[in-house]
Amino acid sequence: MQMERTFIAIKPDGTNRGLIGEIIARFEKKGYKLVAMKAVKPSKELAETHYDALKEKPFFGPLVEFICSGLVIAMVWEGTGVVKTGRQMIGATNPLESAPGTIRGDLGIDVGRNVIHGSDAVETAEREIGIWFKPEELVDWDQTVKQWIYE
Ligand code: DAT
Ligand code: MG
């Protein structure tokens, strides 16, 4: 499998509820490498661009309003298969259907308050990373424990 990057964001419900450390810890402990992170209160324009594919959905307005309502922790994580496995760690979109053990399954109840965003494909991840980060904000560093994570 290919080394890849995904865009992960802790939504305003997650930050308000004090779940930042809990969520970051799951990606950190798994062995993924943190490449970028920042605290943002997104503009309407940023949220609308991010969720552009959903603009015809009836929940688009409330979704954008929710994402802009408070602190978002935007991150880029790197690792083999991180896009797909990251989505599995996050769980189904609706926390009522997310398996226990997943982030949404453990930490959320309502689909409109599902705590976290994760890119759904490698191409989507590239697009989302480009929306939220400038190239120079992606940190080039060596994860020195790599030899204990990868064979
Ligand atoms: P995901 O975040 O799992 O990739 P998505 O891209 O289909 O899901 O939708 C983006 C967000 O929109 C999702 O995290 C929560 C919200 N959403 C999705 N479906 C919804 C619905 N039926 N009612 C209310 N909000 C919804
Ligand atoms: Mg999505």
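**Close-up views of a predicted model**

**View 1. Strands S1 and S4 are joined side by side.** In this predicted model, S1 and S4 run antiparallel and are joined by three bridges. Within this pair, Ile 10 stands opposite Ile 116, a residue of S4.

**View 2. Four strands build an open sheet.** The order of the strands is S2-S3-S1-S4, and their pairing is antiparallel. S2 and S4 are the edge strands, each of them pairing on one side only. On average, neighbouring strands of this sheet are turned by 20° against each other, direction ignored.

**View 3. Helices H2 and H5 lie against the strands.** Helix H2, formed by residues 20-30, packs on the sheet and touches S1, S2, S3 and S4. The direction of H2 makes about 10° with that of S3. Helix H5, formed by residues 82-90, lies across S1, S3 and S4. H5 runs at about 30° to S1.

**View 4. The largest nonpolar core contains 20 residues****.** Among its members, Phe 7, Ile 67, Ala 74, Val 76, Trp 132 and Phe 133 touch the most other members. Two or more residues of this core come from each of strands S1 (3-10), S2 (33-40) and S3 (72-80), and from each of helices H3 (44-50), H4 (60-67) and H7 (122-132). H4 gives the most, with five residues. A second, separate core has 17 residues, including Ile 8, Trp 77, Val 82 and Ile 116.

**View 5. Val 76 and the residues around it.** When residues up to four places away in sequence are not counted, Val 76 touches Arg 5, Thr 6, Lys 33, Leu 34, Val 35, Ala 36, Ile 129, Phe 133 and Leu 138. Val 76 and Phe 133 are both among the residues of the largest core that touch the most other members.

View 6. An unreviewed UniProt entry carries the annotation "active site" for His 117. This residue lies in strand S4, which covers residues 116-118. The relative accessibility of His 117 is 10%, and therefore His 117 counts as buried, the limit for that class being under 20%. Neighbours within four places in sequence are left aside in the following list of contacts. His 117 is in contact with Phe 7, Ile 8, Ala 9, Lys 11, His 50, Tyr 51, Ile 90, Arg 104 and Glu 128.

Key
Residues numbered from 1 in each chain as written. Chains lettered and ligands numbered in written order. Predicted model: local features only at pLDDT ≥ 70, side-chain atom pairs only at ≥ 80, totals over all residues. Heavy atoms only, no water. Core = buried A, V, L, I, M, F, W, Y, C linked by side-chain atoms within 4.5 Å. Buried < 20%, exposed > 50% of the residue type's maximum accessible area, 1.4 Å probe, protein only. Contact = heavy atoms within 4.5 Å. UniProt positions renumbered as here; feature names shortened; annotations may be inferred. Pairing = 2+ DSSP bridges. Axes fitted to C-alpha atoms, helices over the stretch in contact; angles between N-to-C directions.
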